[in-house]
Amino acid sequence: MKRTWIITALLLTTGLSAVGDESPSSAHFKPAMQTDRGRVLFSYQWNFLLLDNGSECYRVSTTQGLPEVRCGDSIEVKGVWGIRGGHKALESASYVRLDEPCRPPPVIDVTAEEFGELFRTKRIRFGSRLRLKARLISCEAMRWGMTDYALAVGDYNFHGWQDGFARTEITENNGLDPLVECTGILTYSGEDLNHPEEVRLWIASPDDVRIIPDAALRQRQFKRRLAKSWIALPILALGVIVYLLLKIFFAHRERALMAAVIQERQRMAADLHDTIEQHLAGASLFLDSILPIDDTPLTDELKAVETARQILMTAKKEIRETVWNLHVADLVVRPLDAVLRELAERARANGAQRVRTNLKGLPATLPPSVYANLIFIVQEALTNAIKHGHATSIALVSDPLPHGFRLRIANDGTPFNTGSSFLPETGHFGLSGMRERARRSDIGFSITSDDRHTVVNLEIKS
């Protein structure tokens, strides 16, 4: 009896050792490789295929890297059979592409209302290629390069997984529950068709998902735009307020700078009037006292005194003109047309026989710096016409432009070379000063001169 128990124990030990040698964890276990052929239903990135061999569809996990196949290609696979999600699968497989024409599987058109009945009655099955109309609940980009669509299909909520990123049309309507048409391969886990697990639609490209516009979507789009506009209104209002504040600030600063310039010019004018002009007037009176008051012929010494007196009178006149020019800045607070007419009257008083004004299209206001520089340019043009051109007829004419106005100052004085006259070597610094003032205020400036007229052309933006 004791010997029988010993023999039985030895037999059991031997049997268990034999079973252990055939287990998958044993170094001697070598799974059998199986070969199959079929057409590709879907391929994704580096190791995933869905294959239809004519009688069934299953998943293939490859070991060859990125599958260089497309939907409808025929391949031969070799791997180990296994189970994934309750369905047959081929693991660790290699494949070879066969030289057969590409034949994508037929597409079955399915609506959300039809899906449940067709699914339960097996008229659509694992591996069917569907063109499915469903509501898009959400769309999310996944880290591994796929897009996850949450789809509402009747009583079923499942996911569509697409290789790559969604189209802009989809992402812009994400969250609005649009009606979409998705084309892809149906898979699921589990055998219970009434309660399947992990139902998925494998979508090959972004072009296989498109929005079907309807009234509900348009209404939701309108509500979203309205909500965004309410958000944008405070931002827009804040931008307008900031713009107005900046405009007020820069206008105030420009007025302050102009006021400082005017104050300094007034001080200079007062200094010139109270010092140099008074001294010149005193010297002129002294020379007048030396000269005879009757028509007595002048000796050579008295002729020299008369010449000196004339020089002093000319200097006094030019000092007064300079003082007036320094006071011109005060005119910026007056209407432009009134100031231009006043300048024309001064030109008549200074020697021009005929002065004509025809002013149209002048703005009500101009920036102070532009206003002041424009007045200085006009004054210099009138002075040059009388002093250097000896003009007898002057015209000031203005015309409106789409974004401002044009002002022309024409005279019949002696013509001159408009190119060389801007050079300081000619002694006419006023012309170069006019051009520099025009440049600073973005005033279009040009001079034309022919045998009959010289015209200063100004174009001012307002």
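The following questions and answers take up the chain as a whole, then its sheets, its helices and its surface.

Q: What kind of model is this, and how many helices and strands does the chain contain?
A: The model is predicted, and the secondary structure of its chain comes to 8 helices and 17 strands.

Q: What share of the residues counts as buried, and what does the chain expose?
A: Of the 462 residues, 37% count as buried, a word that applies to a residue with under 20% relative accessible area. The chain exposes about 27,600 Å², and carbon and sulfur atoms supply 57% of that area. Among contacts with a separation of 6 or more, 61% are made by residues 24 or more positions apart.

Q: What makes strand 4 and strand 5 count as paired?
A: Two strands pair if at least two bridges are found between them, and strand 4 (residues 74-84) is joined to strand 5 (residues 87-97) by 9 bridges, so these two strands count as a pair, running antiparallel. Within this pair, isoleucine 75 stands opposite arginine 97, and valine 77 has tyrosine 95 as its bridge partner. The two strands form a hairpin with 2 residues between them, and glycine 85 in the turn has a positive phi of about 60 degrees.

Q: Which strand does strand 1 pair with, and over how many bridges?
A: Strand 1 (residues 34-44) pairs with strand 4 in the antiparallel sense over 6 bridges, and in that pairing the bridge partner of threonine 35 is lysine 78.

Q: In what order do the 5 strands close into a barrel?
A: The order is 1-2-3-5-4, and the pairing around this barrel is mixed. Neighbouring strands of this sheet are turned against each other by 55 degrees on average, direction ignored.

Q: Why is one side of strand 13 and of strand 16 left without a neighbour in the sheet?
A: The open sheet of 5 strands has the order 13-14-15-17-16, with mixed pairing. Strand 13 (354-359) and strand 16 (444-449) stand at its edges and have a single partner strand each, so one side of each has no neighbour in the sheet. From one strand to the next, the twist of this sheet averages 10 degrees.

Q: How do you know that strand 15 and strand 17 are paired, and which helices lie against the sheet?
A: With at least two bridges needed for a pair, the 8 bridges between strand 15 (residues 404-411) and strand 17 (residues 454-461) meet the requirement, and the two strands run antiparallel. Asparagine 411 has threonine 454 in strand 17 as its bridge partner. Helix 6 (residues 336-349) lies across strand 13, strand 14 (393-401) and strand 15, and runs at about 170 degrees to strand 13. Helix 7 (residues 368-387) packs on the sheet as well, touching strand 14, strand 15, strand 16 and strand 17, with a direction that makes about 15 degrees with that of strand 15.

Q: What makes strand 8 a mostly covered strand, and what are its partners?
A: Strand 8 pairs with strand 7 in the antiparallel sense over 6 bridges, and with strand 9 in the antiparallel sense over 8 bridges. The hairpin of strand 7 and strand 8 has 4 residues between the strands, and glycine 145 takes a positive phi near 90 degrees there. The hairpin of strand 8 and strand 9 has 2 residues between them, with glycine 154 in the turn at a positive phi of about 60 degrees.

Q: Which residues of helix 2 are buried, and what do they pack against?
A: The buried residues of helix 2 (residues 112-120) are Ala112, Phe115, Gly116, Leu118 and Phe119. They pack against several strands, including strand 7 (129-141), strand 8 (146-153) and strand 9 (156-163).

Key
Residues numbered from 1 in each chain as written. Predicted model: local features only at pLDDT ≥ 70, side-chain atom pairs only at ≥ 80, totals over all residues. Heavy atoms only, no water. Buried < 20%, exposed > 50% of the residue type's maximum accessible area, 1.4 Å probe, protein only. Contact = heavy atoms within 4.5 Å. Axes fitted to C-alpha atoms, helices over the stretch in contact; angles between N-to-C directions. Areas by Shrake-Rupley, 256 points an atom, 1.4 Å probe, with all protein chains shown as cover.
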